[in-house]
Amino acid sequence: VVDKKATGGLEIPAGFDRDVDAGKIPQLTIYLNPQRDKSELAAFQQLIQAQAMEMVSAPKPVDLLWVNIAGATSNPPSSSTDPSDSLLAFLLIMGLVITGTLMVPMLLVEEKESHTLEALLVSPAGPSEVIAGKALAGLFYSFVISGLLMILNRGWQGNFLISLSAITIGSFFCTIIGLLLGSLFQNMHQVNTWASMALLAMILPAWSGLFSMPGQFNNVIRVIPTYYVNHLLLMSLGGHGTTNSTWLDFFILVVSSLCAFAVVVWILSKREQKA
């Protein structure tokens, strides 16, 4: 594995096929190369797990022993550091951020360009109601995308309740950031320019789960709220998320979302006064 710079290698014991056919649970040793990217390790692990499950129609046809060639051994691999969990968390955050920063701003900018936003603001619905309505639409889009990703990647494994809560609050935060962009700028050209920067910043925490980053980088990205979405997903997908271990992450996300919501409402209130 090391000499050929491979992602991993298999050690198949003698009589392996015979034991599988006989209904036994033989052990298959898989060596992982920590020098390869976490995304490559995740794809390799998913391939091995998928092939193992297809061998026979049994809940556990093979006992997979994962061995890190640096010396660490686990059986099965620690869920908190499973590359497949990191990959799914990255995909979920990517989906939420793209929806929030690229799709949601259109909900407000289109109103501005068609000059219907002023009519909404002087209607019985105030700025907070307008933002809440737009946020519900953004949440719907986010739930559709994250739901598809969860289904395709078996995201219900682990602590599903915490995963669902993290996705819900993360969707709300990303949606509010999108509405903030939509309230600050007047057309989609301006939004797309600044949304690209916001998108890159908000997905940085998810990259840290796929690739090894310097310690200082991990400290810096803690100021980005999506860091806590990523942390919650990694814990919950691995089955380690509990109320005691996640309350601070949820608290920071809720406070960040409410602060962003208040800023958007304040900006629209100023626009309402001008209208």
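**Figure 1. Overall content of the predicted chain.** The protein chain has 11 helices and 4 strands, where helices (H or I, at least four residues) and strands (E, at least two) are DSSP runs numbered from the N terminus. This is a predicted model, in which local features need pLDDT of at least 70 and side-chain atom pairs count only at pLDDT 80 or more, while totals for chains, interfaces and linings use all residues. Residues are numbered from 1 along each chain as its sequence is written, and side-chain values use heavy atoms, with hydrogens and water left out. Of the 275 residues in the protein chain, 44% are buried; buried means under 20% relative accessible area, exposed means over 50%, and partly exposed lies in between (1.4 Å probe, protein chains only). The accessible surface of the protein chain comes to about 14,200 Å², and 63% of this surface belongs to carbon and sulfur atoms; accessible areas come from the Shrake-Rupley method with a 1.4 Å probe, and for residues only the protein chains shown count as cover. Among contacts in the protein chain with a separation of 6 or more, 75% join residues 24 or more positions apart, a contact being heavy atoms within 4.5 Å.

Figure 2. In soluble globular proteins, nonpolar side chains tend to be buried together. When residues up to four places away in sequence are not counted, L92 touches S146, L149, M150, I167 and L233.

Figure 3. F44 is found in helix α2 (residues 38-53) and counts as buried because its relative accessible area is 15%. Leaving aside residues up to four places away in sequence, F44 touches T7, G8, G9, L10, I30, Y31 and L32. F44 and T7 are 37 residues apart in sequence, yet their C-alpha atoms are 7.2 Å apart in space.

**Figure 4. Two buried serines on helices.** S142 lies in helix α6 and, with a relative accessible area of 1%, is buried. Its contacts, not counting residues up to four places away in sequence, are with L96, T99, S171 and T175. S183 is found in helix α7 and is likewise buried, at a relative accessible area of 6%. With residues up to four places away in sequence again not counted, S183 touches L108, K112, V264, I267 and L268.

Figure 5. The buried residues of helix α4 (residues 105-113) are P105, L107, L108, V109, E111 and K112. Just after α4, H115 takes a positive phi of about 60°. K5, a residue other than glycine, has a positive phi near 55° and is placed in the segment before β1 (8-11). K5 counts as exposed because its relative accessibility is 62%. Most residues other than glycine have a negative phi.

Figure 6. I98, L102, M103, F140, Y141, V144, L148 and L152 make a nonpolar surface patch of about 730 Å². Helices α3 (83-103) and α6 (127-152) each supply at least two residues of the patch, and α6 gives the most, with 5 residues. I98 is found in helix α3 and counts as partly exposed because its relative accessibility is 34%.

Terms used:
Patches are made of residues with over 30% relative accessible area and no salt bridge: like charges are joined within 9 Å, nonpolar side chains (Val, Leu, Ile, Met, Phe, Trp, Tyr) within 5 Å. A salt bridge is a side-chain nitrogen of Lys or Arg within 4 Å of a carboxyl oxygen of Asp or Glu.
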